[in-house]
Amino acid sequence: MLHTSLISSRGVRRAALAGPLLAALLLAGCASTGGIAPTAHLTPPQQLGLQPVQTAFPKTDWWTAFHDPELDRLIATALADNPSLQVAQARLAQARAQVQGADSALKPKLGAAVGSTREQFSANDIYPPPLGGGWYTENQAMLQGSWELDFFGKNHQTLQAAIGEAHAAAAQDQAARVLLASNVTSAYVNLARLIAVQNVLQQTLQQREHMLKLVRDRVNAGLETTVQEKQALAEVPQIRLQIDQTGVQITQARNLLAALTGQGPQATATLAPQLDALPTLALPDSLPAELIGRRADIVAARWQVEAALHGVKAARAAFYPNVNLTAFAGFTALGFSDWLQSSSQTLGVGPALTLPIFEGGALRAQLRGKAAQADAAIAQYNGTLVDAVHEAADAIASRQSIAQQIAQQQQALAAAQDALRLVDQRYKAGLSNYLTVLSVQSNVLKLQQAGVDLRAQALADDVALIRALGGGYKAKELPASAPAKPS
């Protein structure tokens, strides 16, 4: 019988609601939304120099281009076990649950209630004797239904806001994955750099120890003074100090990789990547307009704008009346003998209206808050877009420069090594002193370390540009490029 009541003819329902709705709409003028709206504007991509150009973007699993199985394993472990990523996934699940909650407000509700109450009726109330003054059991079995008729779209806008937040949470989850993969790769490259630096220092230590032996031999032969011996002797502990310091940095780099992958230090204690085995990657050298859809953080910020604008619309709809259609059907009786008889049936259906007439400014304050929240979301989006363009431009500029720097370093190193061979030959022939050898040798050491740093920087720039261009992420869905302000 409840079902029959809820699907009564549309004409009858409209007639029943027309009068109350008209009165409610007239009274709604008491609460005004005038003058309250977001004022911020989205920054157009073209304003920041983003152009619709054809660009080959990194793949989702871009790190496989380094052809390093150990790096692949580390990133797979990080994406499975990193706590920060698990936090992002939990937030996504929470946002999706909020969507389900907001969606339920648009649907009819049906509940059941069964109760049995033993009570004494007052002899001085509406019940005449023998009911008045007697004890009776009141029994009820009811189906109760309600449906909020969302005439002004408050619940719909609330749902759209929740959907926007869910999209934002999904994009933030992907942003966390891209950031985590790039952080693991950067830490891996840095570890390879430190190991390469330590190898250079080990070679230098062997050279210095050999030179110390030669100086001592020459001192014993009366060809050098003890001053040269002391100078050569001082070089050896200095290089050993640098080796020890680099060793500590290597341990710390391994510990960082363990933390990023959610493991203990023992998991990466023997990790020893080789810098020369990691190839540089062929990546784009322009700023495409597609950057917006390839950066998960920009997509997340854009969805947060959309959610905030729907929140403004929901707050504005709160100024208008709520119309609820309620119905009930069931049995009620005193005592158990007639409880479930047809004569104990009870039915009811009708609209219920609530209208804010005077809220002490609460609704306007809520609308102002939502408008300010939308302005903040738009400003956050604009800032995220500017930062993304800046980050990508810096990475592209660095990549364009690093190749020239590497070529210049290699030329300088070749010249310094030639000079070292010549001065070493002159020193052994007694035509040059040790200070000259030491000076040229120090220059070779610096250039070798510079070569290691430049190659590592080239790889780090590749990772930075991959991250700046979205790390292979591509949004499956985006809101409109220019959302209309709530009016």
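**Fold, helix packing and a few local details**

Of the 487 residues in the chain, 41% count as buried, where buried means under 20% relative accessible area, exposed means over 50% and partly exposed lies in between (1.4 Å probe, protein chains only). The model is predicted, so local features need pLDDT of at least 70 and side-chain atom pairs count only at pLDDT 80 or more, while totals for chains, interfaces and linings use all residues. Residues are numbered from 1 along each chain as its sequence is written, and side-chain values use heavy atoms, with hydrogens and water left out.

The chain holds ten helices and four strands, taken as DSSP runs numbered from the N terminus (H or I, at least four residues, for helices; E, at least two, for strands). Along the sequence they come in the pattern α-α-α-α-β-β-α-α-α-α-β-β-α-α. About 25,400 Å² of the chain is accessible surface, and 55% of that belongs to carbon and sulfur atoms; the areas come from the Shrake-Rupley method with a 1.4 Å probe, and for residues only the protein chains shown count as cover. Contacts (heavy atoms within 4.5 Å) reach well along the sequence: among those between residues at least 6 apart, 84% join residues at least 24 apart.

Two packed helices are described by the angle between their axes and the distance between the axes. Here the axes are lines fitted to C-alpha atoms, for helices over the stretch in contact, and angles run from 0 to 180 degrees between N-to-C directions. Helix α5 (residues 154–220) packs against helix α8 (residues 296–317) at about 165°, with the axes 8 Å apart. The two, α5 and α8, are therefore roughly antiparallel, the label for angles over 145 degrees; under 35 counts as roughly parallel, 65 to 115 as roughly perpendicular and the rest as oblique. Their crossing is left-handed, meaning that the near helix is turned anticlockwise from the far one by less than a right angle (clockwise would be right-handed). Sorted by class, the contact of α5 with α8 has eleven nonpolar, ten polar and four charged residues. Nonpolar covers Ala, Val, Leu, Ile, Met, Phe, Trp, Tyr, Cys and Pro, charged covers Asp, Glu, Lys and Arg, and the others, Gly among them, go down as polar.

Helix α3 (residues 69–81) and helix α4 (residues 83–104) have axes that come within 6 Å and cross at roughly 45°, which makes α3 oblique to α4. On the α3 side, Ala78, Leu79, Ala80 and Asp81 meet Pro83, Leu85 and Gln86 of α4. That contact has five nonpolar, one polar and one charged residues.

Two buried residues are worth a look. Gln441 sits in helix α10 (residues 434–468) and is buried at 6% relative accessible area. Beyond its neighbours within four places in sequence, Gln441 is in contact with Gln207, Arg208, Met211 and Leu420. Leu271, in the loop between α6 (226–260) and α7 (291–294), counts as buried at 8% relative accessibility. Again leaving aside neighbours within four places, Leu271 is in contact with Glu70, Leu74, Tyr188, Leu191, Ile195, Arg254 and Leu257. Leu191 lies 80 residues from Leu271 in sequence, yet the C-alpha atoms are 8.6 Å apart.

As for the backbone, most residues other than glycine have a negative phi, and most peptide bonds are trans. His67, in the loop between α2 (10–27) and α3, has a positive phi near 55° and counts as exposed at 65% relative accessibility. The peptide bond from Pro129 to Pro130 is cis, with omega near 10°, and Pro130 is found in the loop between β1 (109–120) and β2 (135–149).
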